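Subject: Structure handover

Hello,

Please find below the structure we discussed. My notes on what was found follow directly after.

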Amino acid sequence: MQAKRGRPRNLETQQAILTSAYELLLELGFATVTVDKIADRAGVSKATIYKWWPNKAAVIMDGFLSAAAARLPVPDTGSVYEDIRTHAGNLAEFLTSREGAVLRELIGEGQFDPGLADAYLSRYFQPRRQEAAGLLRKGVQRGQLKDSLDLERCIDLLYGPIFYRLLVLKEPMDKADVSIIVNYAFHGIATS
């Protein structure tokens, strides 16, 4: 009996496309990558790419996320403080890596390309926010955080400084810096 080949081949083809998109992104930068170049490198037609992705930005973001996903695991130490410190520290470390430089480039390009902005918001930032919200929710459930917290504002408070330092000020950021930010957020800056 001959094995069905459709689905595994589709998965192999999709992975070839994602890998090609990611490699080209690293080599050329977002502005220079085209769907034609991705298709050539992956050995597929443009129609094959458009069957699974609506535009260049979506396939590039998925290629980027496919390659980078393992770099940002979600911790579960039993302590919401340690979980957030680790999660935010891993994010800062990632954003200062080569892949992070690519993400920073994508954010910059997204200011002029609404399709790219939608892609990185929906495929990268919203999932990271959901992870952070999950960590904070666990902290509430464990009694480590107040029930009345506005989780979205807490995420902004904890993660916003990372992006501000890296994207606006263009200053370095490491896990020690993140620990200071998380400590201030959790323990406050008041004298009493």
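Helices (H or I, at least four residues) and strands (E, at least two) are taken as DSSP runs, numbered from the N terminus. By that count the protein has 9 helices and 0 strands, so from the N terminus on the elements run α-α-α-α-α-α-α-α-α.

This is a predicted model, in which local features need pLDDT of at least 70 and side-chain atom pairs count only at pLDDT 80 or more, while totals for chains, interfaces and linings use all residues. Residues are numbered from 1 along each chain as its sequence is written, and side-chain values use heavy atoms, with hydrogens and water left out.

Overall figures

Taken along the principal axes, the C-alpha atoms fill a box of roughly 70 × 45 × 25 Å. The accessible surface (Shrake-Rupley method, 1.4 Å probe; for residues, only the protein chains shown count as cover) is about 10700 Å², and 53% of it belongs to carbon and sulfur atoms. Of the 192 residues, 40% count as buried. Buried means under 20% relative accessible area, exposed means over 50%, and partly exposed is in between (1.4 Å probe, protein chains only).

For contacts, the criterion is heavy atoms within 4.5 Å. Among contacts with a separation of 6 or more, 63% come from residues 24 or more positions apart.

There are 24 positive and 23 negative side chains, and the centres of the two sets lie 5 Å apart. Lys and Arg count as positive, Asp and Glu as negative, and His and the chain ends are not counted. Each charge is placed at NZ of Lys, CZ of Arg, CG of Asp or CD of Glu.

Core

A nonpolar core is a set of buried Ala, Val, Leu, Ile, Met, Phe, Trp, Tyr and Cys residues joined through side-chain atoms within 4.5 Å. The largest one holds 58 residues, of which F64, Y124 and I162 touch the most other members. Two or more residues each come from α1 (6–28), α2 (35–42), α4 (56–68), α5 (80–95), α6 (98–110), α7 (114–141), α8 (151–168) and α9 (175–187). The most come from α7, with 11 residues. Not counting residues up to four places away in sequence, I162 touches A88, L91, A92, L95, M173 and V178.

Helix α5

Buried residues in α5 are V80, D83, I84, H87, A88, G89, N90, L91, A92, F94 and L95. They pack against α4, α6, α7, α8 and α9.

Individual residues

R41, in helix α2, is partly exposed, at 36% relative accessible area. Leaving aside neighbours within four places in sequence, R41 is in contact with S20, E23, L24 and E27. R41 and T19 are 22 residues apart in sequence and 9.2 Å apart in space, C-alpha to C-alpha.

K46 belongs to helix α3 (residues 46–52) and is partly exposed, with a relative accessible area of 37%. With neighbours within four places in sequence left aside, the contacts of K46 are V35, D36 and A39. From K46 to V35 the C-alpha distance is 6.5 Å, across 11 residues in sequence.

K170 lies in the loop between α8 and α9 and is exposed, with a relative accessible area of 66%. Phi of K170 is near 55°, a positive value in a residue other than glycine.

Regards
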